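Please examine the structure before reading on.

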Amino acid sequence: MKLLSYFIVFLLTVFGFISCKSKTDSQTTEQIDRKWWKEAVVYQIYPRSFKDSDGDGIGDLKGILSKLDYIKSLGVDAVWLNPIYSSPNDDNGYDVSDYRNIMKDFGTMSDFDALLKAMHERKIKLVMDIVVNHSSDEHEWFKQSRSSRDNPYRNYYHWWNAEKGKPPYRYSLFDVNHDAWKYDSLTNAYYLHYFSQKQPDLNWENPKLRQEIYDMMKFWAEKGVDGFRLDAFQFAAKDTTFPAFPKGFEKNFVQYYAMGPNLHTYLKEMHTEVFSKYDVMSVAEGAGNTFQDAHDLVDADRNELNMAYAFEAIDIAKPEGYSVLHLKNVFSKWDSAFAEKGWLSVVLANHDQARLVSRFGNDQPEFRDLSSKMLTTFLMSMRGTPYYYYGDELGMTNAGFEKIEDYKDMPTLNEYQNQINIGGDLKKYMELIKFSCRDNGRTGMQWDTTANAGFTTGTPWLKTNKNYVSINVSAQEKDANSCLNYFRKMVKLRKDNEVLVYGQFTSIDKNNPAVFAYTREMKGKKLLVLLNFTNKPAAVNTGVDVNKATLLIGNYTSAPAAENLRPYEALIYEL
Ligand code: GLC
């Protein structure tokens, strides 16, 4: 079947991870390598959708500023902002036209400076999104580059002169026809774009380009930002002889596109030029194809990155459901591969996915609250740095728009057009995007019961989820048992128990198809985590008498029944 969308591409291209033997666990020994970014909970904000301060329907920096006390109240340590740079917004800011300026919709540089200052006053760190596998075609570099073959910026991008014939096929993730080469008659040449036609790939082989990027990153580091998230960076190093790939390569394009041999050279250089000079953390989107790749990116002695996040777990959720055993195995093997060296990101949702509770929990009224809290318990009790997406603390759900006109996501709309072009099944496609389109996770933050959930006084750029009248911050603030207050408790529990950050992870009752049960252990302290991932009661065999243990947190208001878990029940005991 033709690949339907960006997310589906990732679903179909699950990385071929190598298996890894379990090792002795040195993260838990006395020489713990403590770092703020290991202990932090990162809260991700999609600025377009968080809070609009001027009524234009688009969230902005002043809006975020006005909500800093809320963010602080969550107990999180850092905020990762999706791109806020000047952009024509073909891909909502992932197409940057000026890396040193703020997108007009979001405000000005002085708004940014005020925001950063106010965040630091509250001891909240800021992580910037760095989009440098590609720029916008409206960036000055690209305008210059396409203007003539001998322009000094020509080599900032990848060009293929048409006299050589058509370049070997490259799959594009976002293009209507999935063709990553776009012909440009101005210089009779094709340029490469792994994403949309308006996102030409930058040529990292050009040292001048690399230096421009490092200088730009230093510009933000000098302002005092605390970290960088490298967008799609594993695609930056390519084989620029552009050999033909075997037929069907696009089903596993990561293997062909990602982690070119020069990638580590670039990262080491970036480390020397930028990371080593500032107190900043670094995390890459994508962790390569194997555990070895992931280690090569993040092992401290290699001086490249601090963390990377992989898609294997994120990609497990499918419209037809997912296997809890699969999820357990993926998380367990990643933990064991990083038990001795390196550090993980723990993530199940972000701006490229539909909502956490709709994909991994259950968004039906009966179970939404419970399953959302269960997932929060899970993300906050694993080893690794949790990344938590705005609105998930309320248990916000998929919007599930019925009409294509309600969707705004460029790759989704392009794929819709592609389905028309190839005579695809549009009904099936609409069903699929109702579950998986990333717009589901981009609706306005649900603050209160006023129009548009208090996100904007204008017309929101994306329709507000109708359920804001019942699911919103204001209502949840008043309810001691709300998802929001549970999230706060769970963040606090993590902060108060170092064992949840650094402690050894051991999966128990491994073959239990419904319950993910594990212990976290460090310096004589041992916590037991029990999570029923299903909507049915489920028994778990913990091998201990939980009645003698101290219950630290649970997502039901009534007392638990020993090892018989209720639907989506989550419990953490101290043994
Ligand atoms: C990354 C971003 C995604 C964006 C793409 C192209 O995957 O997370 O939102 O569309 O890169 O920049």
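In this predicted model, α2 provides three residues to the lining of the largest pocket, which is the largest share. Helix α2 spans residues 36-39, and both α2 and β10 (281-285) supply at least two residues each to that lining. In total, 28 residues line the largest pocket, and those nearest its centre are Asp33, Lys35, Trp37, Lys38 and Ala300. The space within the largest pocket amounts to about 470 Å³.

The second feature is a helix pair. Two packed helices are described by the angle between their axes and the distance between the axes. Helix α8 covers residues 207-223 and helix α10 covers residues 263-273; their axes lie 10 Å apart and form an angle of about 40 degrees. The two helices, α8 and α10, are therefore oblique to each other. The crossing of α8 past α10 is right-handed. On the α8 side, the contact is formed by Arg210, Gln211, Tyr214, Met217 and Lys218, while α10 contributes Tyr266, Glu269, Met270 and Glu273.

The table lists the residue classes found in each feature.

| Feature | Nonpolar | Polar | Charged |
|---|---|---|---|
| Lining of the largest pocket | 11 residues | eight residues | nine residues |

How values were computed. Residues are numbered from 1 along each chain as its sequence is written. This is a predicted model: local features need pLDDT of at least 70, side-chain atom pairs count only at pLDDT 80 or more; totals for chains, interfaces and linings use all residues. Side-chain values use heavy atoms; hydrogens and water are left out. Axes are lines fitted to C-alpha atoms, for helices over the stretch in contact, and angles run from 0 to 180 degrees between N-to-C directions. Helices (H or I, at least four residues) and strands (E, at least two) are DSSP runs, numbered from the N terminus. Angles under 35 degrees count as roughly parallel, over 145 as roughly antiparallel, 65 to 115 as roughly perpendicular and the rest as oblique. A crossing is left-handed if the near helix is turned anticlockwise from the far one by less than a right angle, and right-handed if clockwise. Contact means heavy atoms within 4.5 Å. On a 1 Å grid over the protein atoms alone, a cavity is a set of points where a 1.4 Å probe fits but cannot get out, and a pocket is an open set with protein on both sides within 12 Å along at least five of seven lines; lining residues have an atom within 4 Å of a point. Grid points are joined across faces, edges and corners, and a volume is the space filled by probe spheres set on the points. Ala, Val, Leu, Ile, Met, Phe, Trp, Tyr, Cys and Pro count as nonpolar, Asp, Glu, Lys and Arg as charged, and the others, Gly among them, as polar.
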